[in-house]
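Have the sequence and the 3D view open side by side. The paragraphs below lead from the whole chain down to single residues.

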Amino acid sequence: MDLTSFPGLGPKRLKVLGNAGFHSVSDLLYNIPRDFVDRTRISKISDSKAGDKVIFIGKIVRAGLIRGRASRFLATLDDGTGQINLIFFRGTNHWAKNITPGTRWMAIGRINEYRGLQLVHPELQHLEEGEEFKGGIVPVYTITEEEHKAKMEQRFFRNLYARIFAMPNLSLQDSPPNELTSYMRLSPVLENLRRLHLPNSFADAMQGKLQLKKMELLPFCLRMSVRRRNLVFRGQARNLDESAIAKARAALPFTLTHGQEEALTKICEGLKGKKQFHALLQGDVGSGKTVVAMLAILAVAKCGEQCALMVPTDILARQHYKTLKPFFDAAGIRTALLLGACGVTEKRSIAHELQMGLTQVVIGTHALFSKDVLFNNLTFVVIDEQHRFGVNQREALLAKGHFPDLLVMSATPIPRSLAMTLYGDLVPIILYEKPAGRKPVKTRLVEPAKRDDMKKFLLKEALTGNRCYWVVSRVEFDDESDSKCVAEVKEELENFSNQWKVGAIHGQMDEKERDQVLNDFVKGSLQVLVATTVIEVGVNVPEANLMVIDAPDRFGLAQLHQLRGRIGRGDKEAWCFLIASEDSGARERLASFASTEDGFEIAEMDMKERGAGNLEGSEQSGAWVFRWFDWIEDQGLIQKMLELAEDILDNKPEFSEEVKEKIQKWYALLPQGNADGIH
Ligand code: ADP
Ligand code: MG
C-alpha cells in the first residue's frame, strides 16, 4: 500500500518519509529498529554513571537557554534521588517552550560526562501529574536529520507502527506461502515484523528477528541448490588426455606439492565425470593455482576441445600467456591472447580462429565475453581471481559453450561457512599448503622517522640482487592528503641513491609503457618498482622479496594480504615494511596483520572490520546484502538453511504440486540481488 493513501499523513510528512526511503507501508514494515529499550526498568539518578543507558522519570527543577558559541537549552531533572542536566543543541526554542519547571517527564538516553553527568538530546515523553507510566520494551529507530526537523521522532514512528498494525487487512506482497512457514515452524513474516515493531518482550523481538533471518536466507539457499542440481543433468563425460599432463609435468622446473596433486586429481575426475563440473579452487596467494589450471586445460585442449582462461587485468593475462604458452606449444596446442588493447584486425583474426576451432586455448580479459567472440567447441572455462568478475560476465562467457565445465580460482580466502553459502553450488577444492622452501615473509611496522634507515637496508639488499615493490595509495599528488603519490616516491628514491634504478607503474598509465616497466622489473634492470595496487592481482616476480607499503592504513586487511603475497615467492628471505606512526589509530590492526600470514585468519579479521558486504568482489557481484541476516553474527544459520533447501527440493515435506508451485513462484519473484550474485 502506497503511503499516500495511508490516513493521517500530510504532504509534508510524506515528503520527509519519501526522502528517507519510505514510500509504501511495506517499506516501513521492513525498517529495522536499531535498538530496543527496556522501559520496565526505571533507573535512579543517584545510582547512574557515565555510559549507562537510562530511563529517568522526574520533574524539571530549572530550565533555561544558554546563549554563546554553542547555544543550548539546559534543563535539570530531579527524580527524588538526584539531579541530572538535559542538554539540547538543536530545536532549543521548541524545547524551551515545553520543558518548563514543574513539568514531569520521562527521559531516555545514554549518560555522558561533561562538567558533571548529563543527557544530550534524550528521548522525552511528557507525563501528566500522577499519570501512570506504561513500561515495556520499545523499539528505537534511526531518525534522519530531516525527520528530526519535522518533529518526526521516536514517538511518531511508534505511533505509526501501532496504526499500521491496526489496519484490518494488512498484508505483505512477497511473503512466503503459509505452508512453507508452518513447515519451518515459523510464524508468518508479518507476525514477526509485528514482534519487532510492537514487541511484547525483548526475547519476543529477538525471536522475530531470528525467524526473519531464516526466511531471508532460504531463497538464497534454494537457488543455490537448484543450480547445483541442474549441473547433474547437463554434463557430458569426456576422455582426458592424461599423458599430456604427464609430459608437461616432467617439463616443470619443480615438482607439484601434495596439495596441487590432490587438486589436480579432483579436477580431472570432475572433468571426466558425467555431471557438468563447476568447482572453486581456493588457495592463498602464491599457493600455485596457475599450474594446476594449466595442466587441466592442457588435458582438455589436447582432446581437441576449447578452453578459455579469463583474468581480470592485461598484466596478468600477458603474464599467464607468457608462462603457459611454451607448455601448450610443446603439446601442439594453439594458444591466443585476447585483450581489450588488441587492434581490431588482430581481434577479428583471433575470433575467427576460435570460431573455426583452429585455436584451442584462449587467454584473455573482459574482451573474451564480447559478443564478437564465438567458439567452435568451448567446453572448459577457467576464471582466475574470480571475485573480480560479476555474475553476468561469468555467465556471458559460459554461454559461449554448450554448458561448459567451470573452474573458478580465488586467492581471497573466505571463511568456510561463508564460502559454503556463496559458492554452495561449486565443488570446493582448497590448496592449503604453499610450495616448499618458501620462507615466511617478515612483516614489520616502521616509524616514519626510520624511513631513511629502511631505505638504507633496501639499497643494500638491492645491490645483492634483491628487488623491491614500493606500494603507494595514490597516483596523483593531492594537497589534501598526507600520503605520497607515485611520482613523489619515485623521485625520493632516485634522490636517495643513484645506485639503484627506480621505475613506477599505475593503472592510469598507457598499456605499453606499463608492460615495459614491468618487464624491466622482471628482468632486473629496475630494482625498485613504485606501484599502486595494480600489482595486487597475480603479478609474479620471484626475485622480488622486499615490499614497502606507504600509508598502509589506506588499505583493507585482505588487500594488504594480497599485496604482501607478491613477495616471498622465491627462496630468499622476504621482508614487508608497513610505514605507520606510533600514534596512528591503525597501529593495532596493522600489528595483528603483521603477526600472521594465514589468509583465512586475515579474511576473518577483515570481515569483522568492514563487514562481509565489503569483502572484495562484493561490489562487482552486487550481492551479499541482506536485510536481517548478518554474515558474521549468523554464520551458524547457513548450514541449517542449506539443508532445509535440499529437503524442500527433495520434496521431503511432501508439499502438493500446488504448494510447490507457490514456493517456486515466491522465490523466483524475490529480488535476484543477493541470491544470484555470485556465480
Ligand atoms: P597463485 O596461487 O597465487 O596464483 P601462482 O600460480 O602464481 O600462485 O604461483 C606462484 C609461484 O609459485 C609461481 O612462480 C609458480 O611457478 C611457483 N610454483 C607453483 N607451484 C610450485 C611448486 N610446486 N614448487 C615450487 N614453485 C611452485
Ligand atoms: Mg594467481
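What follows is a walk through the chain, its ligand, its aromatic pairs and a few single residues.

This is a predicted model, in which local features need pLDDT of at least 70 and side-chain atom pairs count only at pLDDT 80 or more, while totals for chains, interfaces and linings use all residues. Residues are numbered from 1 along each chain as its sequence is written, chains are lettered from A and ligands numbered from 1 in the order in which they are written, and side-chain values use heavy atoms, with hydrogens and water left out.

Start with the chain as a whole. The chain holds 25 helices and 21 strands. Helices (H or I, at least four residues) and strands (E, at least two) are DSSP runs, numbered from the N terminus. The C-alpha trace spans about 95 × 75 × 45 Å along its principal axes. Of the 679 residues in the chain, 53% are buried. Buried means under 20% relative accessible area, exposed means over 50%, and partly exposed lies in between, with a 1.4 Å probe and protein chains only. Accessible areas come from the Shrake-Rupley method with a 1.4 Å probe; for residues, only the protein chains shown count as cover. A contact means heavy atoms within 4.5 Å. Among contacts in the chain with a separation of 6 or more, 74% are between residues 24 or more positions apart.

Now turn to the ligand. Which residues come nearest to ligand 1? Of the 16 residues around ligand 1, these are G286, K289, T290, R438 and N540. A residue counts as near a molecule or strand if one of its heavy atoms lies within 4 Å of it. By class, the shell has four nonpolar, eight polar and four charged residues. Ala, Val, Leu, Ile, Met, Phe, Trp, Tyr, Cys and Pro count as nonpolar, Asp, Glu, Lys and Arg as charged, and the others, Gly among them, as polar.

Some polar contacts of the ligand can be traced atom by atom. A polar contact is a pair of N or O atoms within 3.5 Å; within protein, one must be able to donate a hydrogen and the other to accept it, and residues adjacent in sequence count only if both atoms are side-chain atoms. An N or O atom in the side chain of T290 is 2.6 Å from an oxygen atom of ligand 1. A polar backbone atom of T255 lies 2.8 Å from a nitrogen atom of the ligand. For Q260, a polar side-chain atom is 2.8 Å from a nitrogen atom of ligand 1. Taken alone, ligand 1 exposes 560 Å², and the protein buries 83% of that.

Aromatic rings come next. A search of the whole structure finds 13 aromatic pairs. Rings of Phe, Tyr and Trp (its six-membered ring) pair if their centres lie within 6.5 Å; planes under 30 degrees apart count as stacked, over 60 as edge-to-face and the rest as tilted. F36 and F202 form an edge-to-face pair, with 6.1 Å from centre to centre and 80 degrees between the planes. This pair links distant parts of the chain, as F36 is in strand β1 (residues 35-38) and F202 is in helix α8, 166 residues apart. F36 is buried because its relative accessible area is 9%, whereas F202, at 45%, counts as partly exposed.

F457 and F577 also form an edge-to-face pair, at 5.8 Å centre to centre and 85 degrees between the planes. F457 is in helix α16 (residues 451-463) and F577 in strand β21 (residues 574-579), 120 residues apart. F457 has a relative accessible area of 24%, so it is partly exposed; F577, at 7%, counts as buried. Elsewhere, ring pairs link F22, Y141, F156, F157 and Y161 into a cluster.

Finally, look at some single residues. I55 is found in strand β2 (residues 53-66). Is I55 buried or exposed? I55 is buried, because its relative accessible area is 4%. Leaving aside neighbours within four places in sequence, I55 is in contact with residues including D38, I42, M106 and I108. The C-alpha atoms of I55 and M106 are separated by 6.9 Å, although the two residues are 51 apart along the chain.

D204 lies in helix α8 (residues 202-234) and is buried, with a relative accessible area of 17%. R185 is in the loop between α6 (178-183) and α7 (189-197). R185 counts as exposed because its relative accessibility is 75%. Phi of R185 is near 55 degrees, a positive value in a residue other than glycine.
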